[in-house]
Amino acid sequence: MKLPIYMDNHATTPVDPRVLKQMLPFFTEVYGNAASRNHEFGWKAEEAVDKARRQVADLINATPKEIVFTSGATESDNLALKGVAQMYRQKGNHIISLPTEHKAIGDCCKRLEKDGFQVSILPVRKDGLVDLDDLRRAITDKTILISIMAANNEIGVLQPIAEIGKLAHEKGVVFHTDATQAVGKVPLDVQAMNIDLLSISAHKMYGPKGVGALYVRRKKPRIQITPIIDGGGHERGMRSGTLAVPNIVGLGAACEICQKEMPQESVRMQGLRDRLQKRIQSRLDEVYINGSMEHRLPQNLNLSFAYVEGESLLMGINDVAVSSGSACTSATLEPSYVLKALGVGEDLAHTSIRFGVGRFNTEEEIDYVADRVIETVDRLRELSPLYEMAKEGIDVSKVSWASE
Amino acid sequence: MAYSDKVIEHYNNPRNVGSLPKEDPDVGTGMVGAPECGDVMKLQLRVNPETSVIEDAKFKTFGCGSAIASSSLATEWVKGKTIDEAYEIKNTEIVTELSLPPVKIHCSVLAEDAIKAAVSDWKNKAESRAK
């Protein structure tokens with residue numbers, strides 16, 4: 001077993017060597033511009049892009065013409081939200097989303113609000129899921145767009161995408177889903193689920209960084225978006241800019257592998273994830289799971305270790321790469337807004353750790369990570385005045401703390 | 001974020017971890033911070049009532065590595081000092097000693113507050129006894 005161990009696969013994943021192998025020729029041998037229509041270099045590049053487009057489309061049951069390549073999911077989210085808002089402005093100005101969305105969605109919504117759109121951020125339940133009745137009630141005749149993520153990046157919770165899609169189509173509202181964490185991990189079918197726009201990132205599924213895609217429905221109904229990048233009219237006018245052929249080849253290859261291996265891989269991932277959870281919870285008390293375990297990515301585990309601050313825990317397991325919802329680890333010095341939206345108290349949000357199991361993790365690594373977490377939590381609880389108080393029978397949440 | 005060697009050293013080998021009996025008249029207890037803020041420090045001093053010298057110090061901290069290191073260092077520094085000397089310890093001295101980055105300065109502030117709270121607690125106890 002090699003140290004350090006990488007178990008932060010929601011942040012990014014390593015490129016699968018099989019993906020890299022397919023990408024390499026497109027740097028030095030087949031380096032043409034896919035938009036060059038008059039020579040073989042261009043044709044070969046275009047051929048590779050077409051193949052990748054089909055591979056991406058197949059994974060989500062779309063058609064190749066519905067795939068727009070972008071620089072990544074952040075761009076896809078921006079294109080979807082701003083593109084729809086612009087295009088459907090005459091029809092209405094109301095957008096619905098969730099507080100647990102990635103910043104790429106949340107910040108786009110804030111921008112659109114400044115531009116005169118009305119955004120309803122619906123609350124989520126304690127388990128992280130949207131209440132479909134709330135959603136139904138929130139839709140008005142001015143609603144043009146619902147944007148709800150497929151899988152959450154912190155807690156892995158899967159939203160009821162098929163039900164949301166059905167509702168959106170009944171009401172004639174465009175439905176976008178940021179599926180960055182879900183694509184290639186759980187089955188997604190844009191037809192069966194009535195998805196109109198879907199954001200994809202390559203580097204979350206063992207592809208390269210710097211490339212992604214946006215699925216844009218072409219039929220029933222045909223979705224139109226205003227581009228946010230103007231230029232040579234690439235990608236059917238929706239996203240100008242020379243195509244990053246090696247990266248696109250990588251995205252396509254990553255999609256194909258995920259599609260082929262998903263049935264076995266998701267079972268294996270869940271086995272590893274459950275093993276990690278059981279081992280930790282069998283030996284530590286007061287460990288709380290954040291978000292629904294039932295509706296969840298098989299790769300994700302998000303735990304709060306009461307009385308142990310997250311950053312200090314990360315420091316103790318310094319040969320393991322995971323992440324924390326503690327304020328100290330965030331740029332804003334605020335604890336996780338996702339956990340806050342679930343109603344997790346800030347005291348417990350500070351103690352949360354996100355484990356993201358990935359394709360290259362082994363059972364041996366899972367056991368090692370669990371044991372390192374257990375011994376570090378034990379050690380830090382001995383150091384924790386809160387744990388001491390809890391053991392004395394004091395309810396820490398009821399103490400009135402003098403604020404700083 | 002990269003931690004300084006001294007922070008790592010205190011984190012790995014924290015000094016004077018533990019608790020002193022809170023009800024003991026010679027013990028001053030300072031508890032500062034809040035769980036919602038991600039930091040709680042408890043610092044306790046055992047003071048010789050004759051000489052006002054701090055003879056023992058213990059801490060427990062819920063917080064990041066820098067918070068743990070700041071409070072560990074604080075216990076080291078206060079031992080052997082009189083309560084008035086301990087009261088004079090400035091957070092900036094802790095920042096310098098541990099090479100804390102700007103985002104971690106609040107950890108040192110908390111440690112200074114914890115010392116002051118513990119000293120005040122001991123003084124209150126001493127005064128109420130004198131009455």
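Predicted model: local features only at pLDDT ≥ 70, side-chain atom pairs only at ≥ 80, totals over all residues.
With a relative accessible area of 31%, Val15(A) is partly exposed. Together with Leu20(A), Leu24(A) and Phe27(A), Val15(A) makes up a nonpolar surface patch whose accessible area comes to about 340 Å².

**Charged pairs**

Let's turn to the charged side chains. In general, side chains of opposite charge can pair when their charged atoms come close. Over all chains, the structure holds 39 salt bridges. Here are three of them, with the N to O distances:

| Salt bridge | Distance, N to O |
|---|---|
| Asp16(A) and Arg18(A) | 2.8 Å |
| Glu261(A) and Arg18(A) | 2.7 Å |
| Arg279(A) and Asp367(A) | 3.6 Å |

Which parts of the chain does the pair of Glu261(A) and Arg18(A) tie together? Glu261(A) lies in helix α8 (residues 245–283) and Arg18(A) in helix α1, both of chain A, so the contact links parts that are 243 residues apart in sequence. Is Asp16(A) buried or exposed? Asp16(A) is buried, at a relative accessible area of 2%, whereas Arg18(A) is partly exposed at 38% and Glu261(A) is partly exposed at 27%.

Helix α8 of chain A also carries Arg279(A), while Asp367(A) belongs to helix α12 (residues 363–382) of chain A, so this pair ties together parts 88 residues apart in sequence. Arg279(A) counts as partly exposed, with a relative accessible area of 25%, and Asp367(A) is buried at 14%. The two are members of a network in which salt bridges with shared partners join Arg275(A), Arg279(A), Arg283(A), Glu363(A), Asp367(A) and Asp371(A).

**The second largest pocket**

What is the make-up of the lining by class? There are eight charged, seven nonpolar and two polar residues.

Which element gives the most to this lining? That is α3(A), with five residues. In chain A, α3 (40–59) and β2 (67–70) each supply at least two lining residues.

Methods
Residues numbered from 1 in each chain as written. Chains lettered and ligands numbered in written order. Heavy atoms only, no water. Helix = DSSP H or I, 4+ residues; strand = E, 2+ residues; numbered from the N terminus. Nonpolar A, V, L, I, M, F, W, Y, C, P; charged D, E, K, R; others polar. Patch = residues over 30% accessible without salt bridge, like charges linked within 9 Å, V, L, I, M, F, W, Y side chains within 5 Å. Areas by Shrake-Rupley, 256 points an atom, 1.4 Å probe, with all protein chains shown as cover. Salt bridge = Lys/Arg side-chain N within 4 Å of Asp/Glu carboxyl O. Buried < 20%, exposed > 50% of the residue type's maximum accessible area, 1.4 Å probe, protein only.
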